[in-house]
Structure formats: structure tokens, C-alpha cells
Amino acid sequence: METLSASDAKREFGEVLIKAQHGPVKINRNGKPVAVVISVEEYTQLKALKKACLKMSIEEGITNLRAGKVTDGNTVMDRLRKRIGG
């Protein structure tokens with residue numbers, strides 16, 4: 001992934017947009033990553049993947065609920081306390 005400073009990205013914004021069509025461009029400010037510029041196509045794919053993962057998690061939860069594989073919050077907290085010795 002190509003990395004640019006924020007000031008370089010600002011100065012070369014048109015070039016950043018062109019580069020983002022070929023792959024993500026990371027933007028650093030004061031040496032720390034603050035943003036990634038990606039193409040609309042890649043953003044759309046990421047949104048679809050996120051939606052598919054959420055749907056799968058919800059379906060798994062519903063399946064577990066119907067199968068009776070659920071635990072109430074108090075039981076979960078009690079188990080965690082026992083694990084950490086509290």
C-alpha cells in the first residue's frame with residue numbers, strides 16, 4: 001500500500017485519486033496513519049462484505065436461539081468472574 005503524508009496528499013490530491021483506483025493509499029499525519037483512500041468499487045465491496053458478515057452472524061444467533069444454545073447475561077458474567085478469579 002502506498003503511503004503519503006497529509007501535506008503530500010493535499011498537494012497531490014488528483015494523483016491520490018488516480019492511485020486509489022489501483023489500490024488503497026494510506027495517509028499519515030505526523031507519522032501516524034489517519035486515513036486510507038480507496039476506490040468507490042473497493043468501498044462498495046467492503047460494504048457488501050460487512051453486510052454479508054452481519055447477516056451471517058444474525059442468522060447464526062437465530063439458529064442458536066432456536067436450538068436453545070443461549071445463556072443469560074448474569075451467567076456469562078459469573079463465568080467470567082470465576083475465570084479471572086474475581
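Strands here are DSSP runs of E with at least two residues, and helices are runs of H or I with at least four, numbered from the N terminus. This is a predicted model, where local features need pLDDT of at least 70, side-chain atom pairs count only at pLDDT 80 or more, and totals for chains, interfaces and linings use all residues. Residues are numbered from 1 along each chain as its sequence is written, and side-chain values use heavy atoms, leaving out hydrogens and water.

Q: Where is Asn 30, and why is Asn 30 called exposed?
A: Asn 30 sits in the loop between β2 and β3. Exposed means over 50% relative accessible area, buried under 20%, and partly exposed in between (1.4 Å probe, protein chains only). Asn 30 has 75%, so Asn 30 counts as exposed.

Q: What makes β1 and β2 a pair?
A: Two strands pair if DSSP finds at least two bridges between them. Four bridges join β1 to β2 (residues 25-29), so they qualify, and they run parallel. Within β2, Lys 26 is the bridge partner of Thr 3.

Q: Why are β1 and β3 called edge strands?
A: The open sheet has the order β1-β2-β3, with mixed pairing. β1 (2-5) and β3 (32-37) each pair on one side only.

Q: What makes the six residues a nonpolar core?
A: Such a core is a set of buried Ala, Val, Leu, Ile, Met, Phe, Trp, Tyr and Cys residues joined through side-chain atoms within 4.5 Å. Leu 4, Ala 9, Val 16, Ala 20, Val 25 and Ile 27 form the largest one here. At least two of its residues come from α2, and at least two from β2.
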